[in-house]
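The entries are kept brief.

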Amino acid sequence: MSEPVTISKIAEAAGVSVPTVSKVLNGRADVAARTRERVEELIRRHGYRRRRGPGGGRSSMIELVFHELDSAWAIEVVRGVENVARAEGLSVVLTESGGAQTPRETWVDAVLARQSTAAILVFSDLAPEQRARLTARDIPFVVVDPAGDPGPDMPAVGSANWNGGLAATRHLIELGHRRIAVIGGPRHVLCSRARLDGYSAALDAAGIALDPELVRHGDFHVESGRDRGRELLRLEEPPTAVFAGSDLQAMGVYEAARELGVRIPEDLSVVGYDDLPVARWTGPPLTTVRQPLTEMAEEATRMALALARGERPANLRLDLATDLVVRASTAAPR
């Protein structure tokens, strides 16, 4: 197929009409499955990309996709996307992928049918064919807090997770703790690995050997913090401090300590991660690493809208700074 690639040439190669190709491009359901697959394959193979002028042919909607939508963490991200969308006169369509790291294929069909302006994916990614379908329709996408390495061509906004893990652990070391446990998130998740690497680096810099018995993995939710906290506090030589990879896991550690009669911070210091609003209202208020979730979501939305206008941001990967917020859940060991 010679350049430029047009809808009519896609139609000719597929042996279908131009309106049929247009239906596939717009995510219409009234196209036979085999015909749709043939057209999609030609679109991918020849790199067809529909160009629209600024705002032309687009709806006034931004797609926001979560792998899970069941925590205060998610609310902070929704707030950031809403802040920018509202200022731009756009609406937000919210989707949950049921715990999967990539949205369902039916989600892409719905986005194409809505002709959305852009998509924001949280803690998720797109399969190669999903990227290709959105790119062909000129619908940009940005990932917030990517679960894995998004690659150099995938726009993404995250935070300085390594520095956050370093700061949390260094704080505990400076208080005098030497037996410091960590409860990370899932092993395969990029931000969890980075926080654990920061934890390891702080121990190494202080000349403290990393004890594998003190390294546990959860899923960033309260229940895993409670369960891993119980395991750690029941050790023959329990830790004097725990760095939990999320505020929710830190809440679980609080519950484990309460069950076992361990006082915070007198017997156990606890540091969380995220600085959710609830962190300041726990008893005692939680020392934590502030991850700027709302700002991350705002930056991702601005980036997506810039791409939708045909602009090319200078940097497609942003990592915002993290800060240690010291409250009452940490103290020198007895």
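The entries below take selected helices in turn and close with a single residue.

**Basis.** I worked from a predicted model, in which local features need pLDDT of at least 70 and side-chain atom pairs count only at pLDDT 80 or more, while totals for chains, interfaces and linings use all residues. Residues are numbered from 1 along each chain as its sequence is written, and side-chain values use heavy atoms, with hydrogens and water left out.

**Helix 8.** I took helices (H or I, at least four residues) and strands (E, at least two) as DSSP runs, numbered from the N terminus. Helix 8 covers residues 190-205, and its 16 residues should span 22 Å at 1.5 Å a residue; the end C-alpha atoms are 23 Å apart, which agrees. The expected span is 1.5 Å times one less than the number of residues. I listed its buried residues as C191, S192, A194, R195, L196, G198, Y199, A202 and L203. Buried means under 20% relative accessible area, exposed over 50%, and partly exposed in between (1.4 Å probe, protein chains only). These buried residues pack against helix 7 (161-174), strand 6, strand 7, strand 8 and strand 9 (269-274). Contact means heavy atoms within 4.5 Å. Just after helix 8, I noted that G207 takes a positive phi of about 75 degrees.

**Helix 9.** Helix 9 (residues 222-233) reaches 16 Å from its first C-alpha to its last, close to the 16 Å expected for its 12 residues. S224, G225, G229, L232 and L233 are buried in helix 9. Seen down the axis, the buried residues of helix 9 fall within an arc of 150 degrees, so they line one face of the helix. The arc is that of the directions from the helix axis to the C-beta atoms. Their cover includes strand 6 (180-184), strand 7 (215-217), strand 8 (241-244) and helix 10 (247-259).

**Helices 4 and 11.** I found helix 4 (residues 72-87) and helix 11 (residues 293-308) packed at an angle of about 40 degrees, with their axes 7 Å apart. That makes helix 4 oblique to helix 11. Among the residues that meet are W73, E76 and V77 in helix 4, and L293, T294 and A297 in helix 11.

**V108.** Is V108 buried or exposed? At 0% relative accessibility, V108 counts as buried. V108 is found in helix 5 (residues 105-114). Leaving aside neighbours within four places in sequence, V108 is in contact with Q130, R133 and L134. V108 and R133 are 25 residues apart in sequence and 7.8 Å apart in space, C-alpha to C-alpha.

Technical notes
Axes fitted to C-alpha atoms, helices over the stretch in contact; angles between N-to-C directions. Parallel < 35°, antiparallel > 145°, perpendicular 65-115°, else oblique.
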